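Thanks for coming, everyone. Please look at the structure first.

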Amino acid sequence: MKRISFPYACVLLVGSTVALLAACDSDKKPKSDVIIAEKYVPRKPQPPIRRQPSHRTEQVQWGGAMYDIVIDQRPDDSLALVKGDHGQPYVDNRITLTIRRTDGSTFFHHDVTKKTLDACLDNIFRRQGILDGMVYDTISDGHLRFGLQVAFPDADDMFLPIRMLIDRQGNFSVARDTDLY
């Protein structure tokens with residue numbers, strides 16, 4: 001068996017390591033061809049998005065009498081379209097609130113739109129928000145209290161809570177609901 005001297009072994013080891021690194025490095029593509037992320041291509045807006053209509057009925061006892069509260073929410077094409085952050089159009093909603101006595105007569109009937117809530121809205125919610133819902137809340141100081149929400153249609157966490165109070169004469173008032181803050 002032939003012996004290899006130490007200096008010769010070191011030269012052989014360094015030479016093979018350099019050759020191996022050069023071979024691995026030659027497989028790399030030039031940096032200009034390396035794709036880090038795909039190019040962003042914005043989606044074209046689809047036809048206007050419409051929320052599903054909803055219908056809720058609830059009975060409440062108020063002032064010693066029973067009342068049926070009916071809340072109908074539906075998209076309304078007669079209202080101005082709202083555009084989301086990416087240009088996607090949305091159809092705004094109209095909510096019809098009807099309160100009936102037990103004999104079937106109507107105590108209160110009103111269509112609610114963003115225009116009804118205009119005093120509670122700032123310019124951003126007027127432009128980019130849709131009327132997103134209404135619920136019966138409670139009886140507060142002799143008034144029926146309802147909660148409404150105007151929201152950005154493409155952001156679940158961006159909304160403005162509003163309360164609506166109806167008195168025993170059928171008059172109503174709206175204000176920002178600060179109890180949630």
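**Salt bridges in this model**

Let's start with a network: salt bridges link Asp-76, Arg-94 and Asp-111. A salt bridge here is a side-chain nitrogen of Lys or Arg within 4 Å of a carboxyl oxygen of Asp or Glu.

A word on the source. This is a predicted model, where local features need pLDDT of at least 70, side-chain atom pairs count only at pLDDT 80 or more, and totals for chains, interfaces and linings use all residues. Residues are numbered from 1 along each chain as its sequence is written, and side-chain values use heavy atoms, leaving out hydrogens and water.

How many salt bridges does the structure hold? The count is nine.

Take one of them. Arg-50 and Asp-77 meet through their side chains, 2.6 Å from N to O. Arg-50 sits in the loop between helix H1 (6-25) and strand E1 (54-62), and Asp-77 in the loop between strand E2 (65-75) and strand E3 (82-83), so the pair ties together parts 27 residues apart in sequence. Helices (H or I, at least four residues) and strands (E, at least two) are DSSP runs, numbered from the N terminus.

Buried or exposed: which is Asp-77? Asp-77 is exposed, at 56% relative accessible area. Arg-50 is partly exposed, at 42%. The cut-offs: buried is under 20% relative accessible area, exposed is over 50%, and partly exposed is in between (1.4 Å probe, protein chains only).

Next, Arg-176 and Asp-122. Their closest N and O atoms are 3.9 Å apart. Arg-176 is in strand E10 (residues 172-176), and Asp-122 is in the loop between strand E6 (106-112) and helix H2 (123-128), 54 residues apart.
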